[in-house]
Amino acid sequence: MAKLLLFGYGNPGRGDDALGPELITRIAQFQLADVESQNDMQLQVEHVTDLAACRQVLFIDADMTCAKPFEFSEISAIKDDSYTSHAMNPSALLHAYSQVYGKDAPAAFLLRIRGYQFALGDPLSDQAATNLEAGIKFVAELCNAASLKNWRCLAATNMTEKI
């Protein structure tokens, strides 16, 4: 079980909400070894099966409140009621994983890319496109330094410029 899962989520029809899936599309072109890339419009309880075959996961999403160009953090399983909805947050998905499989979920991290426009039909904003480029560079470097220790150090210090 050596696979790293990159999971971008967001609605491509809602402007900057497309940042997660767009990063996945672009990073998949690099064909990084031992990295699986997936995207969906939202996280759902069924995605626990995607986590089963990976050692660590990076969730990627747009966010209108984070610092620009992005924020990177480690996340953990947290029980909430989002599993009863049509969408979940990453921490709730990790909790669902532990409930389904009876063990801790893989190490998990969240990359929130700063977005600005989220209206239906909006294109990707210029500011978000700039943040996306920074995010792609960061994820590519992160995948090359895929040790859990390195990721945790970065998440703890929120250093997003150098690995």
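Predicted model: local features only at pLDDT ≥ 70, side-chain atom pairs only at ≥ 80, totals over all residues.

Student: OK, so where does Glu 36 fall, and why?
Tutor: Glu 36 comes out at 23% relative accessibility, so it counts as partly exposed.

Student: Which residue does Glu 36 pair with in a salt bridge?
Tutor: Its partner is Lys 3, with the closest N and O atoms 2.7 Å apart. The pair joins distant parts of the chain: Lys 3 sits in strand E1 (residues 3-9) and Glu 36 in strand E2 (residues 35-40), 33 residues apart. Lys 3 is partly exposed as well, at 24%.

Student: How many salt bridges are there by this rule?
Tutor: The count is 4. One of them runs between Glu 133 and Arg 26, where the closest N and O atoms are 2.8 Å apart. Glu 133 belongs to helix H4 (residues 126-144) and Arg 26 to helix H1 (residues 19-28), so this bridge ties together parts 107 residues apart in sequence.

Student: Are those two buried or partly exposed?
Tutor: Partly exposed: Glu 133 has 39% relative accessibility, and Arg 26 has 26%.

Student: What about Glu 71, which side chain does it meet?
Tutor: Glu 71 meets Arg 112 in a salt bridge, at 2.2 Å from N to O. Glu 71 is in strand E4 (residues 70-75) and Arg 112 in strand E5, so parts 41 residues apart in sequence are tied together. There's a network here too, linking Asp 63, Glu 71 and Arg 112 through salt bridges.

Student: What is Leu 23 in contact with, leaving aside its neighbours within four places?
Tutor: Its contacts are Ile 60, Leu 111, Ile 113, Leu 132, Gly 135, Ile 136 and Val 139.

Student: Now Pro 106. Where is it?
Tutor: Pro 106 is in the loop between helix H3 (90-101) and strand E5 (107-114). It counts as buried, because its relative accessibility is 12%. Leaving aside neighbours within four places in sequence, Pro 106 is in contact with Leu 51, Cys 54, Arg 55, Gln 56, Leu 94 and Tyr 97. Its C-alpha atom is 9.1 Å from that of Ala 53, which is 53 residues away along the chain.

Student: You mentioned Cys 54. How many disulfides does the structure hold?
Tutor: The structure holds 0 disulfides. For Cys 54, the nearest cysteine sulfur is that of Cys 143, 12 Å away, and a disulfide needs the sulfurs within 2.5 Å. Cys 66 is in no disulfide either, with the Cys 143 sulfur 19 Å away as its nearest.

Student: And are Cys 54 and Cys 66 buried or exposed?
Tutor: Buried: Cys 54 is at 2% relative accessibility and Cys 66 at 4%.

Technical notes
Residues numbered from 1 in each chain as written. Heavy atoms only, no water. Buried < 20%, exposed > 50% of the residue type's maximum accessible area, 1.4 Å probe, protein only. Helix = DSSP H or I, 4+ residues; strand = E, 2+ residues; numbered from the N terminus. Contact = heavy atoms within 4.5 Å.
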